[in-house]
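Please consult the sequence and the model while reading.

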Amino acid sequence: MFASWLAVGHTDMRRGMNGLALQMQEALGRDPHAGDLYVFHGKRGDLLKILWHDGLSMSLYAKRLERGRLLWPATGGDVAPISAAQLAYMLDGIDWRNPQLTYRPQAAG
């Protein structure tokens, strides 16, 4: 079973897979190849990236909200644990503290 971790604070979202893995290893003292999910967000709060290594290769998932902001927990330290349910709410743009849909697009484009 893997764990999910939030990189507390803002991350430069121009970073790719290698840059985020290096940040996890050097700045946060975590092993990016351990099989855990590492979640990052930028200053604007509408984009997140998830880094995951499955034992064979590394994957990078990016999600941008069309409207609204991701609700990021205010915690101390460099990383904070997040439950699978909280991560699922966050990915759906739902306030994990009070689960309600924040926005649903009406049209594409």
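## Basis of the description

The structure is a predicted model, in which local features need pLDDT of at least 70 and side-chain atom pairs count only at pLDDT 80 or more, while totals for chains, interfaces and linings use all residues. Residues are numbered from 1 along each chain as its sequence is written, and side-chain values use heavy atoms, with hydrogens and water left out.

## Overall fold

The protein chain contains two helices and five strands; these are DSSP runs numbered from the N terminus, with helices being H or I of at least four residues and strands being E of at least two. Starting at the N terminus, the order of elements is β-α-β-β-β-β-α.

Of the 109 residues, 38% count as buried. Buried means under 20% relative accessible area, exposed means over 50%, and partly exposed lies in between (1.4 Å probe, protein chains only). The chain exposes about 6,900 Å², of which carbon and sulfur atoms supply 51%; accessible areas come from the Shrake-Rupley method with a 1.4 Å probe, and for residues only the protein chains shown count as cover. Among contacts (heavy atoms within 4.5 Å) between residues at least 6 apart in sequence, 56% join residues at least 24 apart.

Five of the five residues of β2 are buried. Leu37, Val39 and His41 point one way from the strand, and Tyr38 and Phe40 point the other way. In a regular strand, side chains alternate between the two faces of the sheet.

β2 runs parallel to β1, to which three bridges join it; strands are taken as paired if DSSP finds at least two bridges between them. In this pairing, leucine 6 is opposite valine 39. From β1 the chain passes through helix α1 (residues 17-27) to β2 in a right-handed β-α-β crossover, meaning that, with the strands pointing away from the viewer, the path from the first strand over the helix to the second runs clockwise.

With β3, β2 pairs in the antiparallel sense over five bridges, and leucine 37 stands opposite tryptophan 52. The hairpin of β2 and β3 has five residues between the strands, and glycine 45 takes a positive phi near 80 degrees there.

Serine 83 lies in the loop between β5 and α2 and is partly exposed, with a relative accessible area of 33%. Its C-alpha atom is separated by 7.9 Å from that of alanine 3, although the two residues are 80 apart along the chain.

In α2 (residues 84-91), the residues Leu87, Met90 and Leu91 are buried. Viewed down the helix axis, the buried residues of α2 fall within an arc of 95 degrees, so they line one face of the helix; the arc is that of the directions from the helix axis to the C-beta atoms. Their cover includes β1 (4-7), β2 (37-41), β3 (47-53), β4 (58-64) and β5 (79-82). Just after α2, glycine 93 has a positive phi of about 75 degrees.

## Nonpolar cores

A nonpolar core is a set of buried Ala, Val, Leu, Ile, Met, Phe, Trp, Tyr and Cys residues joined through side-chain atoms within 4.5 Å. The largest has twelve residues, including Leu6, Leu37, Val39, Ile50, Trp72 and Leu87. β2, β3 and α2 each supply at least two residues of this core, and α2 gives the most, with three. Apart from this core lies another, of eleven residues, among them Ala7, Leu20, Phe40 and Met58.

Not counting residues up to four places away in sequence, valine 39 touches Trp5, Leu6, Ala7, Leu48, Lys49, Ile50, Trp72 and Leu87.
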